[in-house]
Amino acid sequence: MRAYIKYTAITVLFLSALGCSKDRSDDRTYARETIQFAGGEVTKALLESDGLLKTHTQVKVYDFLTGFDGTINNETVTASDTYKYVDDVVEYQETTQNWPFTTVSHEYRWTKSGTHRFFGWLNKDQTYNNNAGMTTYTFFGADPTLNENTLVMTTPNYCWTMSSPQYDFLYAKQAVVRNAADGDYSDVILPMKHMFTAVSLTLENISTNTNIRITGLSTLYNGEDKFLHKGNAQVDFSANGELTPTYTLTGDETHPFFNVSGMSGISVAPGEQYDILKSSNNKLKNSDGTATGNTQEFYMTWPLTQQQISNYKLNPFGEKYYDEEDKILALSYIAGQSPEQTVRIPFPAKDWRAGTKMHMNIEFTDKAISIVGSALPWDYNDHHISFNNESLVVPNKVSIDGMTELGDNATVYITPEMPELTCRLYISSLQGATLVITKVGPDPAYFTLDPASITITGQQLSFKVKASSLSTGGVQRTCQLSYTVVLPDGREIEGDSEIRGNDHNYTFARH
């Protein structure tokens, strides 16, 4: 029989915290216990520190009941029906560690049979704007919608800009399923997941004696905004297990995300560091390199993959390269007495994952301008580590057993006579962190790493590169290695510039 949705008409009554129950007298259908939701494992703190346990914070919750055969709320339901049992808002009250539904329109009781499927999303963030609160409706301009046939939630289309409210939207990371016949009437825990990421952008002058003045910052090339900051997301609650939203994103030339209005015309002396996205007066470092006590400002945006923000191409050897029009970030500046110039530089090749902070620092040196990026979990411990003033690898880069007089940018062959190669390197700092090695280039599937991650202990580290198959096919397969350091607090720092570098860019090959 085809499943269908039945709807329950609910009259909203403003009652005491005890609320009213549904068909309390029908002991054949309902258990004595009411449905309550625990808030202890529901966390929020990407941009706020109070979390979700704040009075008047609200979560929109659904419960779809299947496998129930009988009468519920004066309606006849068969086992093949999908019945919407709960469609309501639950509000946190400071006097309890639960979110009972009795604080809103009704008290919902467990049924004695059938399977309940619970899920939901943040409806109101009470901590926003000095506890004035922010709802999904006032943020998006409309509420998220749920397709009750497919159980797919869709957010309204939204364009992030620097002036957008910094709303940290959360959704249940999975649908919580309870079989009523099991008699498990404990509180329902809805662990939440972040929909958005956050980004910051600072500029640091580490040149010897050159003052620089920022005059422009843009991501627009040939009339196209390649920074994807407008779109919506969908979350499918129909299946079991961890949920990952799908994002549909575009750019918006009319309302670009990046701007430099706060720093335009500001001179940055050697040793100084400024927050580009916040304002000209948010100096993070003085000219002697000491911290000012200010911190960089983070701004929300849609999560982006490395391919969406780096916009790079690969040459036949698997090496990345950028056309001038492809480089995503354009920075205009005046260095010393030189005329104004614009440099186009790519973002760091890292995913901007939901629930993390992506901090980027544009470094102006005597030779070039580059961006150093760090991916930070929302609860990271803030302490400064920089590859510019703390050497990662000494005294040599990567050494490979069996190779003598190995030149820079060399191709290393894996053969039946030498089916695996042992690579060694010594890391002098960042003890307790993890070195993660990733295969990149045109043919990574033809090679294996053993291991692919190594704990940094202050001793010489080693790993093996093997060919997954050495059968001759007449086609040369190649790959290269990329390095990332993951700190104990979850931060990720790109290590290619220290380990791989332009002069130790080895290519592994097999036939």
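**Salt bridges, cores and a sheet in a predicted model**

Glu420 forms a salt bridge with Lys464, and their closest N and O atoms are 3.1 Å apart. A salt bridge here is a side-chain nitrogen of Lys or Arg within 4 Å of a carboxyl oxygen of Asp or Glu. The pair links distant parts of the chain: Glu420 sits in strand β37 (residues 420-426) and Lys464 in strand β41 (residues 460-467), 44 residues apart. Strands (E, at least two residues) are DSSP runs, numbered from the N terminus.

This is a predicted model, in which local features need pLDDT of at least 70, side-chain atom pairs count only at pLDDT 80 or more, and totals for chains, interfaces and linings use all residues. Residues are numbered from 1 along each chain as its sequence is written, and side-chain values use heavy atoms, leaving out hydrogens and water.

Buried means under 20% relative accessible area, exposed over 50%, and partly exposed in between (1.4 Å probe, protein chains only). Lys464 is also partly exposed, at 30%.

Now look at Asp443 and Arg477. Their side chains meet in a salt bridge (3.8 Å, N to O). Asp443 lies in the loop between β38 (434-440) and β39 (447-450), and Arg477 in strand β42 (residues 477-486), so the pair ties together parts 34 residues apart in sequence. Asp443 is buried, at 13%. Arg477 is partly exposed, at 23%. Elsewhere, salt bridges that share partners join Lys60, Lys84, Asp87 and Glu148 into one network. The count comes to 12 salt bridges.

Next, the nonpolar cores. A nonpolar core is a set of buried Ala, Val, Leu, Ile, Met, Phe, Trp, Tyr and Cys residues joined through side-chain atoms within 4.5 Å. The largest has 85 residues; Phe119, Met153, Phe196, Leu201, Phe347, Trp352 and Ile362 touch the most other members. Strand β4 (residues 58-66) gives this core its largest share, five residues. A second, separate core of 30 residues includes Val412, Leu435, Phe447 and Tyr506.

Then find an open sheet of four strands. Its order is β25-β20-β31-β32, with antiparallel pairing. Two strands pair if DSSP finds at least two bridges between them. The edge strands, β25 (267-268) and β32 (341-345), each pair on one side only. Five bridges join β31 (residues 329-335) to β32. In β32, Ile345 is the bridge partner of Leu329.

Finally, confidence. pLDDT is the predictor's confidence in each residue, from 0 to 100. The chain's mean pLDDT is 78, and 77% of its residues reach 70 or more. Over residues 1-24 the pLDDT is below 50. Where pLDDT is low, the predicted coordinates should not be read in detail.

Conventions:
Contact means heavy atoms within 4.5 Å.
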